[in-house]
There are 2 protein chains.
Amino acid sequence: MQIGVIEVPTLKELFVRRMEEQILSGKLKVGDSLPSERQLQEETKISKTVIHAGLAELEQKGFLEITPRRGAVVANYEETGTMETLNALIRHNGGNMTKKQTHSFMEARIAIEGSALRRLAEKHTDEDIAYLEGLLARADELLAGGEKDDAALAELLFRYHRGICVRSRNEFFPLLLNEFRPIIMEFWLRSIALFGAEANVHLAKRYLELIRAGDAEGAFRRLQRSVSEYLNCLDEQDR
Amino acid sequence: MQIGVIEVPTLKELFVRRMEEQILSGKLKVGDSLPSERQLQEETKISKTVIHAGLAELEQKGFLEITPRRGAVVANYEETGTMETLNALIRHNGGNMTKKQTHSFMEARIAIEGSALRRLAEKHTDEDIAYLEGLLARADELLAGGEKDDAALAELLFRYHRGICVRSRNEFFPLLLNEFRPIIMEFWLRSIALFGAEANVHLAKRYLELIRAGDAEGAFRRLQRSVSEYLNCLDEQDR
DNA sequence: TGTTTGTGCTGGTCGGCCCAGATTTCCGCG
DNA sequence: CGCGGAAATCTGGGCCGACCAGCACAAACA
């Protein structure tokens with residue numbers, strides 16, 4: 001058995017988490033105004049600097065709206081939140097997405113990566129192919145290495161699919177994938193656990209074949225199919 | 001003539017902006033390492049607390065990679081950046097996107113909003129329709145009011161299209177739209193300038209009709225068409 | 001009653017302290 | 001002279017309590 005490193009949380013992290021809980025659990029409702037930094041300082045026995053930094057982080061995450069000299073109110077994070085808010089929300093839920101979130105995520109994946117796949121299949125250079133092949137070669141090495149390093153493979157799969165988006169010549173798609181990064185990594189780890197490392201690498205190779213063949217619709221359908229297989233498999237597991 | 005409110009920037013904001021300029025203008029190149037926090041503190045006459053918070057924000061935006069006790073280097077923000085990075089990049093460019101960025105943006109819009117439109121057309125409740133109608137009614141009021149308030153109309157159009165994403169029951173699409181917010185607002189302002197306020201509201205109504213009729217493909221094609229009209233119109237203008 | 005002044009609140013900023021790891025310097029030994 | 005290791009120095013990270021300036025509201029004044 002392995003005991004991982006024990007990370008010591010900082011005061012700021014503890015404070016931010018505490019506040020997130022208060023908000024996500026509904027004890028602090030949207031529109032409620034927070035106690036002043038000084039009041040929080042007294043309650044928590046933490047210095048004002050840390051309180052201030054923590055509140056700034058919460059604002060940046062979309063949970064608060066801070067106005068200088070006026071105070072902080074809980075923001076309508078469901079309406080104005082960004083991906084970062086969602087990441088915090090999922091972490092709050094123990095790292096697990098709800099079923100609906102999973103389905104939403106896969107739908108978004110089809111929308112974005114599907115477009116990229118189509119574009120790349122229709123129009124690509126030899127260098128694009130070579131780049132993706134390079135990543136696949138590294139994945140093969142990893143498989144041949146014998147040691148099971150799922151995290152490294154997941155990272156490689158992430159880079160591969162981001163590579164598809166980068167090479168599709170759309171400047172926004174890679175950024176969106178980066179935004180999704182924590183969620184996507186979680187997805188790949190799960191996919192490796194479900195279908196095995198080889199199957200995932202094999203599927204990645206299949207995409208490359210379809211791209212090279214210029215089969216845009218085929219690549220798109222392949223993506224759709226693998227997504228629904230994944231979702232079905234998850235549903236089976238639940239039973 | 002109107003003079004808007006004057007927002008007082010905080011020192012941290014000023015510092016972050018300055019650093020962003022240095023990076024985006026190329027004075028600091030990817031891979032360059034930054035002076036130490038204490039050196040920056042001396043140069044800028046700003047306290048260590050603020051410097052530290054500013055650098056942390058820049059890291060979070062994807063501009064820096066900070067390693068504890070080793071320093072900060074300029075990150076390859078084109079590869080690892082997020083939407084926030086892009087927003088900073090566009091702001092640095094005076095709010096103007098390059099032609100390629102515009103095309104990328106519209107393609108992303110078709111991918112995301114197109115999916116939402118399809119879903120909503122296939123499956124919607126009366127309440128969904130009523131919600132969107134409410135927003136359209138407010139747009140009509142704005143048009144009838146006579147005063148030209150393009151910003152308010154753009155805001156309304158943003159909310160309307162975000163509404164389509166919210167009501168599509170996909171939890172990720174609205175978040176993505178929020179992420180794109182500054183870019184989308186810029187887009188609507190431009191669209192209003194090009195085609196007029198009435199035409200934009202009319203188009204919004206057309207989407208609602210198609211959704212109500214359950215015509216998923218029609219709605220999707222309508223979106224594709226209006227996107228290509230917009231792009232053509234921009235191209236014409238360039239000449 | 002209308003205006004001014006004061007006071008206390010707010011978030012924002014400051015610089016100093018300590019910590020632990022990384023890096024460099026330098027001294028003594030072989 | 002060369003090399004290894006101890007020690008000094010530098011890095012970012014974290015925390016603290018004091019201070020600053022702007023704003024709101026109430027008390028004091030005309």
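Reader: Which residues gather in that patch of negative charge on the surface?
Author: In this predicted model, the patch brings together A:Glu59, A:Glu65, B:Glu7 and B:Glu13. Patch members have over 30% relative accessible area and no salt bridge, with like charges joined within 9 Å. A salt bridge is a side-chain nitrogen of Lys or Arg within 4 Å of a carboxyl oxygen of Asp or Glu.

Reader: Is B:Glu7 buried or exposed?
Author: B:Glu7 is exposed, at 66% relative accessible area (exposed is over 50%, buried under 20%, with a 1.4 Å probe and protein chains only). B:Glu7 lies in the segment before helix H1 (11–24) of chain B.

Reader: OK, switching to the strands. How many bridges join S1 to S2 in chain A?
Author: There are 4 bridges between S1 (residues 64–67) and S2 (residues 71–74), and the strands run antiparallel. Strands pair if DSSP finds at least two bridges between them; strands are E runs of at least two residues, helices H or I runs of at least four.

Reader: What's the bridge partner of A:Ile66?
Author: A:Ala72, in S2(A).

Reader: And what's in the turn?
Author: The hairpin has 3 residues between its strands, and A:Arg69 in the turn has a positive phi of about 65°.

Reader: What about chain A overall, how many helices and strands?
Author: Chain A has 11 helices and 2 strands. Of its 239 residues, 44% count as buried.

Notes
Residues are numbered from 1 along each chain as its sequence is written. Chains are lettered from A and ligands numbered from 1 in the order in which they are written. This is a predicted model: local features need pLDDT of at least 70, side-chain atom pairs count only at pLDDT 80 or more; totals for chains, interfaces and linings use all residues. Side-chain values use heavy atoms; hydrogens and water are left out. Patches are made of residues with over 30% relative accessible area and no salt bridge: like charges are joined within 9 Å, nonpolar side chains (Val, Leu, Ile, Met, Phe, Trp, Tyr) within 5 Å. Accessible areas come from the Shrake-Rupley method with a 1.4 Å probe; for residues, only the protein chains shown count as cover. Lys and Arg count as positive and Asp and Glu as negative; His and the chain ends are not counted. The place of a charge is taken as NZ of Lys, CZ of Arg, CG of Asp or CD of Glu.
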